[in-house]
Every structure is written in C-alpha cells, then in structure tokens.
Amino acid sequence: MRTRITELLGIEHPIFQAAMSWASSNAPLVVAVSNAGGLGVLGAGPLRPDDFEKILVRIQRETRKPFGVNIPLNGARAPELLEIALQKKIPVMVASQGGPREQMPRFRAIGTKWLHVVASVEHAKKAEAAGVDALVVDGAEAGGHPPPSQVGTIVLVRRIVRATRLPVVASGGVADGAGIAALLALGAEAVQLGTRFIATPEASVHDNYKRAVLAAGTVLTRGTPVFDLVKETVIRASPESPLEIPAGAVVVPGARAVTTGWGKELGLSLQTPVIVKYRDERTDLSTALESWLR
Ligand SMILES: Cc1cc2nc3c(=O)[nH]c(=O)nc-3n(C[C@H](O)[C@H](O)[C@H](O)COP(=O)(O)O)c2cc1C
C-alpha cells in the first residue's frame with residue numbers, strides 16, 4: 001500500500017513500531033520491524049550516549065531499510081543523543097517533547113526526515129509552521145505519555161488531518177488490522193503501534209510484562225504519574241536540593257528510580273532476574289537493578 005508516508009520514508013507498509021522507552025530501546029525489535037517493511041523506531045530517551053551509539057551501529061549493520069529514532073528533545077541527555085544521531089546520519093527522527101525549530105535544520109541538511117509527535121491541534125499547527133515532514137498524532141489511548149487533554153485517537157486524528165496539510169501517523173490504541181483500517185479510513189497515512197509490539201520476542205522487557213499485555217482485558221489500562229514524578233525528582237536532585245522520594249518509590253543511589261508499584265503490577269519482585277534481559281545493552285535500568293539487587 002502506498003501513502004505519502006510510505007513514499008516519504010521509502011517503507012513498504014504504513015506501519016510504525018512505536019518508540020517505547022526500554023521496550024524498544026534495543027536493536028532487535030527495530031531491526032525486525034524495519035526488515036519486515038515497516039518502520040522500527042528506537043526509543044533512545046532512556047539510553048546512555050555510549051549505549052545509544054553502539055545500538056545505532058548494530059541497527060545499521062543489521063538492516064539497510066529505513067528506521068527511526070525517538071529522542072525526547074527536552075530530556076537531560078538530549079544534546080548528546082542528538083549529536084550522535086546526527087553523526088550516524090539516522091534516516092528518520094521521531095521527535096517528541098519539545099519544539100523542532102532548533103534541531104531540525106541540521107538533520108534536514110543531511111537528509112533525515114523529521115516527524116514530530118503531537119497530541120493537540122494547536123501543536124500540530126505549530127509543527128507544520130516549523131516545517132516538519134510529517135506528524136505522529138498521539139491520542140489518549142497511547143501508552144506511555146498520553147496527552148493530558150485525554151482526547152481520543154479517533155477524534156484527534158480526524159481533527160488534525162483536517163487542520164493541517166501534513167501526512168499523519170495515527171497512534172494510540174490501534175492494536176490490530178481492524179484498527180489500522182479504521183485509522184487509515186479517517187485520513188491517517190500510516191499507523192503507529194506500541195503496546196502490541198511489547199508482546200513480541202524482540203521487545204526488551206521481562207516476559208511477565210509480555211504475559212500481562214497478552215492477558216489484559218479492556219479495563220486493565222491504568223494511568224499513573226509516579227514513574228515520571230520519580231524520574232523528574234532524580235534528574236533534578238543535587239546536594240543542595242536532596243531527593244524527595246514519593247511514596248511507593250525505590251531510589252537507587254547514582255542511578256534512576258524504579259517504582260515498586262510498577263514492578264509489583266507486573267509480578268516482579270527483588271528475586272526476579274530481570275537483569276538478564278538488559279545486560280547486553282547496558283542501559284540505566286540494568287545499572288539500577290544491578291545495584292538494587294546487590
Ligand atoms: C512502555 C511505553 C513506553 C513509551 N515510551 C515512549 C517514549 O520514550 N517516547 C515517545 O515518544 N513515546 C513513548 N511511548 C508512546 C508510544 O510511542 C506510542 O505513542 C503508544 O505506545 C501508542 O499507543 P499503543 O500503545 O496503544 O499502541 C511509550 C509507550 C509505551 C507503551
């Protein structure tokens with residue numbers, strides 16, 4: 001099937017595997033999706049710069065097809081990650097959390113296609129005015145960071161398709177073939193699936209998480225501010241402003257915080273050998289869990 005998105009990116013199918021911190025912060029999932037003709041997207045947000053570089057090298061070795069990289073532009077490590085992404089000439093940027101104007105020109109100059117994640121009509125128009133190539137529209141159903149407005153995918157995609165001239169990638173609750181057909185019928189020119197790809201052998205999460213996704217019914221989706229709250233607290237902590245640890249959080253000195261609530265929901269415990277899953281990529285989570293388990 002051809003759309004403006006497949007033409008723009010040179011992919012066979014109008015299907016993106018969404019950037020998912022940790023779950024798609026590794027090479028195998030991205031490579032598998034891109035090699036299958038979709039667009040694999042690396043979730044670079046939680047990666048340390050040296051790990052990011054190694055993973056990019058591996059992706060570029062294992063696929064010749066286009067792939068994407070998601071960098072949250074206001075993240076603490078964004079400047080370093082952006083330099084590496086530029087140096088490695090990534091084919092597609094899927095930028096989130098921050099405006100495109102500052103960084104986009106240097107990527108466009110080396111041929112990178114710049115897609116911007118938006119979650120409102122207002123931001124979609126701003127991104128269009130800034131000159132992005134296409135939009136990824138996250139509706140309220142999107143796992144991870146759904147828009148605070150809680151406007152659902154079906155409504156938001158339709159509105160943004162009408163409000164801008166840009167091709168739109170619809171994201172949030174798509175899940176299967178019927179979902180893909182529905183969003184394309186509403187004017188999207190590709191779809192992005194996240195949670196669905198967690199239940200794959202290549203996703204970099206514990207098997208309990210994959211089982212939880214497969215076993216989930218329609219009422220198990222839950223939102224919690226705890227993970228972000230903890231992350232923010234850790235990033236901003238300094239000797240002058242000590243950590244204020246929210247209830248239910250475990251903070252690992254010198255590393256990121258892991259919420260006990262999150263782990264418990266997935267059936268993890270201190271004895272669960274989650275560490276094995278992450279050891280080769282050496283992400284922050286592995287450091288956190290290693291020192292936590294010690
Ligand atoms: C575990 C998880 C982590 C996510 N991390 C990110 C991220 O780092 N950056 C980002 O732009 N979106 C992130 N998202 C949102 C996805 O890119 C995508 O919009 C969403 O998963 C689509 O909804 P779906 O899960 O219903 O398919 C994440 C989603 C999940 C489920």
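Student: Where does Val136 lie?

Tutor: Val136 is part of strand β6, residues 134-138. The model is a predicted one.

Student: Is Val136 buried or exposed?

Tutor: The idea is to count C-beta atoms around the residue, with 20 or more within 10 Å as the cut-off for buried. Val136 has 31 other C-beta atoms within 10 Å, so Val136 is buried.

Student: Which residues does Val136 touch, leaving out those up to four places away in sequence?

Tutor: Val136 touches Val94, Leu115, His116, Val117, Val169, Ser171 and Gln192. Take Gln192 as a case of distance in sequence against distance in space: Val136 and Gln192 are 56 residues apart in sequence, and their C-alpha atoms are 8.0 Å apart.

Student: What share of the contacts in the chain with a separation of 6 or more comes from residues 24 or more positions apart?

Tutor: Such residues account for 56% of those contacts. As for the chain as a whole, 43% of its 294 residues count as buried, and there are 14 helices and 10 strands.

Student: Now a residue in a loop. Where is Ala199, and what does Ala199 touch beyond four places in sequence?

Tutor: Ala199 lies in the loop between α9 and α10, the latter being residues 207-215. Beyond four places in sequence, Ala199 touches Lys210, Val213 and Leu214.

Student: How should I read a backbone phi angle?

Tutor: Most residues other than glycine have a negative phi. Trp22 is not a glycine, yet has a positive phi of about 75°. Ala175, also not a glycine, has a positive phi of about 70°.

Student: Where are Trp22 and Ala175 found?

Tutor: Trp22 is in the loop between β1 (15-17) and α2 (27-35). Ala175 is in the loop between β7 (168-171) and α8 (177-185).

Student: Why does Trp22 count as buried, and why is Ala175 partly exposed?

Tutor: Trp22 counts as buried because 22 C-beta neighbours lie inside 10 Å. Ala175 is partly exposed because 14 other C-beta atoms lie within 10 Å.

Student: How is a pair of packed helices described?

Tutor: Two packed helices are described by the angle between their axes and by the distance between the axes. Consider α2 and α3: their axes come within 9 Å and cross at roughly 30°. Angles under 35 degrees count as roughly parallel, so α2 and α3 are roughly parallel to each other. The crossing in which α2 passes α3 is right-handed.

Student: Which residues make the contact of α2 with α3?

Tutor: Ala27, Val30 and Val31 come from α2, and Ile55, Arg58, Ile59 and Glu62 from α3. By class, this contact has 5 nonpolar, no polar and 2 charged residues.

Student: At what angle do α3 and α4 pack?

Tutor: Helix α3 (residues 49-62) and helix α4 (residues 78-87) pack at about 25°, and their axes are 10 Å apart. These two helices, α3 and α4, are therefore roughly parallel to each other. The crossing of α3 past α4 is right-handed. On the α3 side the contact is made by Pro49, Phe52, Glu53 and Leu56, and on the α4 side by Glu80, Leu81 and Ile84. The contact of α3 with α4 has 5 nonpolar, no polar and 2 charged residues.

Student: What about α6 and α7?

Tutor: The axes of α6 (residues 121-130) and α7 (residues 153-163) come within 10 Å and cross at roughly 35°. Their crossing is right-handed. Val121, Ala124 and Lys125 of α6 meet Arg159, Ile160 and Ala163 of α7 in the contact. The residues of this contact divide into 4 nonpolar, no polar and 2 charged.

Student: Last, the ligand. Which residues come nearest, and how do the residues of the shell divide by class?

Tutor: There are 26 residues around the ligand, and Ala18, Gly143, Gly144, Gly194 and Thr195 come nearest. The shell divides into 9 nonpolar, 14 polar and 3 charged residues. At least two residues of the shell are supplied by each of β3 (68-72), β8 (190-193) and α9 (195-198).

Technical notes
Residues are numbered from 1 along each chain as its sequence is written. This is a predicted model: local features need pLDDT of at least 70, side-chain atom pairs count only at pLDDT 80 or more; totals for chains, interfaces and linings use all residues. A residue is near a molecule or strand if its C-beta atom, placed from the backbone, lies within 6 Å of it. Ala, Val, Leu, Ile, Met, Phe, Trp, Tyr, Cys and Pro count as nonpolar, Asp, Glu, Lys and Arg as charged, and the others, Gly among them, as polar. Axes are lines fitted to C-alpha atoms, for helices over the stretch in contact, and angles run from 0 to 180 degrees between N-to-C directions. Angles under 35 degrees count as roughly parallel, over 145 as roughly antiparallel, 65 to 115 as roughly perpendicular and the rest as oblique. A crossing is left-handed if the near helix is turned anticlockwise from the far one by less than a right angle, and right-handed if clockwise. Two residues are in contact if their C-beta atoms, placed from the backbone, lie within 7 Å. A residue is buried if 20 or more other C-beta atoms lie within 10 Å of its own, exposed if 12 or fewer, and partly exposed in between; C-beta atoms are placed from the backbone.
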